[in-house]
Amino acid sequence: RANAILTASPGQLVLMLFDGAIRFLERARLGFTETDPLAFNLTVNNNLQRAQAIIHELNTSLNLRDGGEVAANFQRLYDYMDERLQESNFQKSDAGIADVLRRLGVLREAWAEMLRRRGEDLGQAAPGLAFASHA
């Protein structure tokens, strides 16, 4: 996995970030099946925080100076996702997680399609990560 990260293109790295955030959100959702209150809270909280860290990284990597309106729209979207996950974590509610998963799934698929059209190898971008559609 470390080798894949070191040899990935910037586009593949973004795809890896999308995959990681999706994976952590799916793990957070599994926390809702926990019957032990401590395991429930730890699973949901820890995985939501990891997903939020990735979304924060995506947000801070935006080039707002050169990216114009597109970058500003992504910034608003990432801010919205972060707020939804904070709310879900505080309320221990699945609704915000499902919303963010759906939006990240759409972004991830659009990004992967853009990489495919540019001829980039997607297999290297997400080693060992499975993506389940959340449409």
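This is a predicted model: local features need pLDDT of at least 70, side-chain atom pairs count only at pLDDT 80 or more; totals for chains, interfaces and linings use all residues.

Biologist: Why are helix 4 and helix 5 called roughly antiparallel?

Modeller: Helix 4 (residues 64-91) and helix 5 (residues 95-117) pack at an angle of about 150°. Angles over 145 degrees count as roughly antiparallel. Therefore helix 4 is roughly antiparallel to helix 5. Their axes are 8 Å apart, and the crossing is left-handed.

Biologist: Which residues make the contact?

Modeller: Helix 4 brings F74, L77, Y78, Y80, M81, R84, L85 and S88. Helix 5 brings A95, G96, I97, D99, V100, R103, L104 and L107. By class, the contact has 11 nonpolar, two polar and three charged residues.

Biologist: How do you know that S88 counts as buried?

Modeller: Buried means under 20% relative accessible area. S88 has 1% relative accessibility, so S88 counts as buried. This serine belongs to helix 4. Leaving aside neighbours within four places in sequence, S88 touches L48, S93, A95, G96 and I97.

Biologist: What makes up the largest nonpolar core?

Modeller: That core has 21 residues. L25, L85 and L104 have the most contacts inside it. Helix 2 (10-30), helix 3 (37-60), helix 4 and helix 5 each supply at least two of its residues. Helix 3 gives the largest share, seven residues.

Biologist: What is L104 in contact with, leaving aside its neighbours within four places in sequence?

Modeller: L104 meets F18, A21, I22, L25, I55 and M81.

Technical notes:
Residues are numbered from 1 along each chain as its sequence is written. Side-chain values use heavy atoms; hydrogens and water are left out. Axes are lines fitted to C-alpha atoms, for helices over the stretch in contact, and angles run from 0 to 180 degrees between N-to-C directions. Helices (H or I, at least four residues) and strands (E, at least two) are DSSP runs, numbered from the N terminus. Angles under 35 degrees count as roughly parallel, over 145 as roughly antiparallel, 65 to 115 as roughly perpendicular and the rest as oblique. A crossing is left-handed if the near helix is turned anticlockwise from the far one by less than a right angle, and right-handed if clockwise. Contact means heavy atoms within 4.5 Å. Ala, Val, Leu, Ile, Met, Phe, Trp, Tyr, Cys and Pro count as nonpolar, Asp, Glu, Lys and Arg as charged, and the others, Gly among them, as polar. A nonpolar core is a set of buried Ala, Val, Leu, Ile, Met, Phe, Trp, Tyr and Cys residues joined through side-chain atoms within 4.5 Å. Buried means under 20% relative accessible area, exposed over 50%, partly exposed in between (1.4 Å probe, protein chains only).
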